[in-house]
Amino acid sequence: MILNKETAKKTAELLLQIKAIKLEPQEPFTWASGWKSPIYCDNRIILSYPMIRNYVREHFAKQIEEKYGKPDVIAAVATGAIGVGMLVAEYLSLPFIYVRPEPKGHGRKNQIEGNLEEGQTVVVVEDLISTGNSSLNAVKALKEAGANVKGMFAIFTYGFKTSTENFKNAEIDLFTLSDYDHLIETAQKTNYINIEEAGILRKWRENPSNWKVKA
């Protein structure tokens with residue numbers, strides 16, 4: 001869910017500007033899953049641009065406070081969201097933790113790194129939502145540790161139907177600074193893509209696992 005449309009447009013513009021999001025409808029990328037995709041997103045690049053990371057940090061913090069007030073803890077999903085999660089926690093003067101995909105195989109075998117007390121309210125910060133599986137795996141770990149997870153905030157989502165269903169089934173609210181629809185709208189208005197390319201991008205999202213470039 002988008003809480004502020006202007007923020008969504010501006011965030012999309014900034015992500016395109018620094019090439020955190022790349023759009024290549026004619027020469028698609030190959031994801032780790034094997035999917036062919038006309039879009040590639042790496043929001044960790046934000047950390048290299050102080051003005052933009054501050055923009056993201058402040059708008060994350062503002063929206064979290066507007067929706068939930070101040071939680072007890074900010075949690076990030078490892079590894080992509082650790083940097084921005086720390087920035088948000090620092091801005092709000094809150095404790096910070098992060099959640100690994102699975103417990104470590106050595107030492108204390110932690111999955112959650114940092115101090116979390118049972119019953120504490122937690123807002124989870126994520127960088128990118130695709131299917132939502134890894135993000136919700138972190139939520140599950142937090143709940144099993146006794147946390148009261150209020151919701152999740154992410155920088156960007158592709159808006160896949162499967163992710164919407166996964167969050168609905170898990171009964172977790174998801175809010176994002178920007179999303180796929182605002183990205184395409186912004187990319188067109190700034191002449192980053194043309195009408196035909198926008199059509200290709202919209203078509204891809206309908207069935208991303210089986211999408212192919214037309215010859």
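Basis. I am working from a predicted model, where local features need pLDDT of at least 70, side-chain atom pairs count only at pLDDT 80 or more, and totals for chains, interfaces and linings use all residues. Residues are numbered from 1 along each chain as its sequence is written, and side-chain values use heavy atoms, with hydrogens and water left out.

Entry 1, H1 and H2. I took helices as DSSP runs (H or I, at least four residues) and strands likewise (E, at least two), numbered from the N terminus. Helix H1 (residues 5-17) packs with helix H2 (residues 50-68) at about 155°, and their axes are 11 Å apart. Axes are lines fitted to C-alpha atoms over the stretch in contact, with angles from 0 to 180 degrees between N-to-C directions. H1 and H2 are therefore roughly antiparallel (angles over 145 degrees). From H1, Thr7, Lys10, Thr11, Leu14 and Gln17 make the contact (heavy atoms within 4.5 Å) with Ile52, Tyr55, His59 and Gln63 of H2.

Helix H6 (residues 180-189) and helix H7 (residues 195-206) pack at about 170°, with axes 10 Å apart. This pair, H6 and H7, is therefore also roughly antiparallel. On the H6 side I listed Tyr180, Asp181, Ile184 and Gln188; they meet Ile195, Ala198, Leu201, Arg202, Trp204 and Arg205 in H7.

In the model, residues 73-99 are 41% helix and 33% strand, and the end C-alpha atoms lie 12 Å apart.

Conventions
Angles under 35 degrees count as roughly parallel, over 145 as roughly antiparallel, 65 to 115 as roughly perpendicular and the rest as oblique.
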